[in-house]
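Visitor: Please show me the model, and let us then discuss a few of its local features.

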Amino acid sequence: MNKQQLAAKIWQSANKMRSKIEANEYKDYILGFIFYKFLSDRELKFMASQGATTAELPAFLTEADSSVVRHVQSNLGYFIAYENLFSTWIAAGADFEIANVRDGLSAFARLIAPKYKKVFAGIFDTLQTGLSKLGDSAASQTKAVRDLIYLIKDIPMDGKADYDVLGFIYEYLISNFAANAGKKAGEFYTPHEVSLLMSHIIADHLHDRKEIQIYDPTSGSGSLLLNIGRAVARHMDDADKIKYFAQELKANTYNLTRMNLIMRGIKPDNIVTRNADTLEDDWPYFEDDDPANTYDPLYVDAVVSNPPYSQQWDPKGKESDPRYARFGLAPKSKADYAFLLHDLYHLKPDGIMTIILPHGVLFRGGEEGQIRKNLIENNHIDAIIGLPANIFFGTGIPTIIMVLRQRRPHTDVLIVDASKGFAKEGKNNVLRASDIRRIADTVASRRSVAKFSRLVSRDEIRANDYNLNIPRYVDSSEPPETWDVYASMFGGIPAREIDALSEFWQALPGLREALFELGDSGYAHPVQEDLKEIIENSPAVAAFKEGFSRALAGLQDTLCEVLVQQRASVALSKTEDALTADIFARLSEVPLVDPYSAYQVVHDHWEKVAIDLEMIQSEGESAIRRVDPLIVVKKKNGKDAEVQDGWVGHILPFELVQEQFLSESAREVRELADAGATVTAQIQELLEGLSESDKDDLKEELNDNSDAFVTVAVTRRAKEILKSTRRDELAEGSAEFAAVRAKELLDEKKQLDKELKSANLKLAEDTKVAIENLPEQMVEPLLVAKWVTPLIEQLNALPVTLISELEARVAALAKKYATTFASLEAEIAATQRELAQMLEGLTGSDTDMKAVNELRELLGGSNE
């Protein structure tokens, strides 16, 4: 299975295994064991590189051999004896005990190389102290841990060809634990999409640096810091020139930071971490044991943070703290600006920082208002980005990203309202790839975009008393629908409402005139009732579509060459960047089409293609011809059990191969399925035609109110009827006829199901054989059909969607004023007259006629 499937499987099992243990706690256990497996496997890989065979390891990897211990420590920073290796625990099988883990973790703490104490010391403390929570006895703890280590034993730890399975699974588990941890999620996790947005902004600023230092003072799991590093590394020749600084208050979360950094292949020399209170215990200027020679204040190229929102802190005695002296102290009840000023203090003069904060920091007064004023007057605030609400786990409050710099070449502030751009996923809102790209590009270019962003001068901010509340500067609300009084009374479409579609009229010259006739009064009328026909036959629309096709000319050939022909060696991250740049360049001169919508199409498709490419580059070309068992979960002896239910292509979908090679067999299966569905519909139609009493009689035979009678009671009743009555004697439409006919149809359905099952099994087996024996000349056409053709089709659908949108909006305009108040009044009057005339012929008692005459008078008729 690919890394997405493996991660999902591990998460699903882990979530069940944790039982009543809080997600926030259980994450520390499973992630701790994954990290221990990583270190064990890393040591095994190192020993293999030194020429040691598997058979020699038990003798080599012992504490008794001090030379081997020192050699491993000097290269890895730690030493794990053979009996404490993760693989040894797995090999122990039923002989594994919880004591093995306790002994192994204790030994690890003892055998860390002195040089790497700060990187590894105490890193398993949370796991070690939490083992007792996995059961109330040694036996139950042993079972819980054995289940857990068996769950993760198949995670590969030596990524090849950028196949970062370990990092992906680790991040996947952290994000899913965060989604289940409620308000505690904010202690260790920043949503991946928000991390990506911040990383794009920072990477754009640092893209020409040769060496970079980045710092997260509230590092949590370290994911935010890692995303920044990964984004910056894409612009560098040597990722080892990035140094990571992290500080975290909570010990268990601090351990996650270190694990995450180490597992991503960052060299220990490039990892500097502290377990301390950022506000109370700033980054030290020197080592306690050697203050004179280690004095080194921390100033970095980038600071990134997602601190706890509006938490209390103690500002007492911090007036002279260099972090706050220039700007002021944040109020005791809200530490938001304390964190911000801490981050700003540690920036180099040409550095950049991004920080996530609640909206309130933009407009709250008092001490915060004064700090905000000082930041603006000292020209530090570069941009403010309003994020969608409900984007963070555990809180629905709206948040912002504030971008600050020590020195800026301009004095204005870019304000972005990105609160409307998101997708809904479950209970949360999520930034899409196109949302992230749109925001990052706007910040990089510092451009004003209607309803989205605006460059605001410092003078305007001063005039607003340093209030930075986003709606003061950017109105992202949709305009309310208006109704023209004249058009409502006399008809016609106001020219200004047609003008609202100016973007279409500019891109499609002559179309407006073809659709509407403009009168002298400034009101237009549709030239005919069917405006859609005019649009679809418009030369301007045809030219627009042709222009879009020209813009994409050659893209399919490029994709075939880069993705299909170079699949074994294509660099995934660079290819994604190049493909993105190509799409934006191609569409730069194409009107109407939003390039970010096209980018979203490309991104969504690329994510699927990249999974296949990772597997091919990791496993070789044989992956294309591989077929895997389709594993599903079914009940077995009252318990969930994994069983095989057919086959699935490792790379090539069965449906695609069937379309190319087995189209006749696939058509036969579809026809059998359609025939079965038709028969089922006929049965339902028969039974729905029965009276409720007949239905109840049938159901009563099962003593059940469910629809199970369709397959059981009907069969029983039909057999009883046919014992005493011939088929041709039954009255059509009777309950007896329905029961017998339903029985015949059920027999037909049973036969069809049997044939369908047999055909499906044969088709699946033939498909499996076809994939496993795929001719070389068919490999690339199938990959093109999976990777390239759908993308081109989705891109070509964009102009069609836009024209459909225009058709709908034009039709709505035409309909809006088609019925005037005058015509409604005339229709009402005519209806009243017609009703009054109908009343004239009525006769009745005196009281009835008095009432009728009163109604006629109300309707405008005569009561004579």
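Guide: A polar contact is a pair of N or O atoms within 3.5 Å; within protein, one must be able to donate a hydrogen and the other to accept it, and residues adjacent in sequence count only if both atoms are side-chain atoms. The model is predicted: local features need pLDDT of at least 70, side-chain atom pairs count only at pLDDT 80 or more, and totals for chains, interfaces and linings use all residues. Residues are numbered from 1 along each chain as its sequence is written, and side-chain values use heavy atoms, with hydrogens and water left out.

Visitor: Which residue's backbone oxygen lies 3.3 Å from a polar atom of the side chain of Asn-428?

Guide: Asn-428 belongs to strand S10, residues 428-430 (strands, E, at least two residues, and helices, H or I, at least four, are DSSP runs numbered from the N terminus). Leaving aside neighbours within four places in sequence, Asn-428 is in contact (heavy atoms within 4.5 Å) with residues including Asn-390 and Phe-392. The backbone oxygen at 3.3 Å is that of Phe-392.

Visitor: Is Asn-428 buried or exposed?

Guide: Buried means under 20% relative accessible area, exposed over 50%, and partly exposed in between, with a 1.4 Å probe and protein chains only. The relative accessible area of Asn-428 is 16%, so the residue is buried.

Visitor: How far apart are the end C-alpha atoms of helix H6?

Guide: The expected span of a helix is 1.5 Å times one less than its number of residues. Helix H6 has 13 residues, 98-110, and should therefore span 18 Å. The distance between its end C-alpha atoms agrees, at 19 Å.
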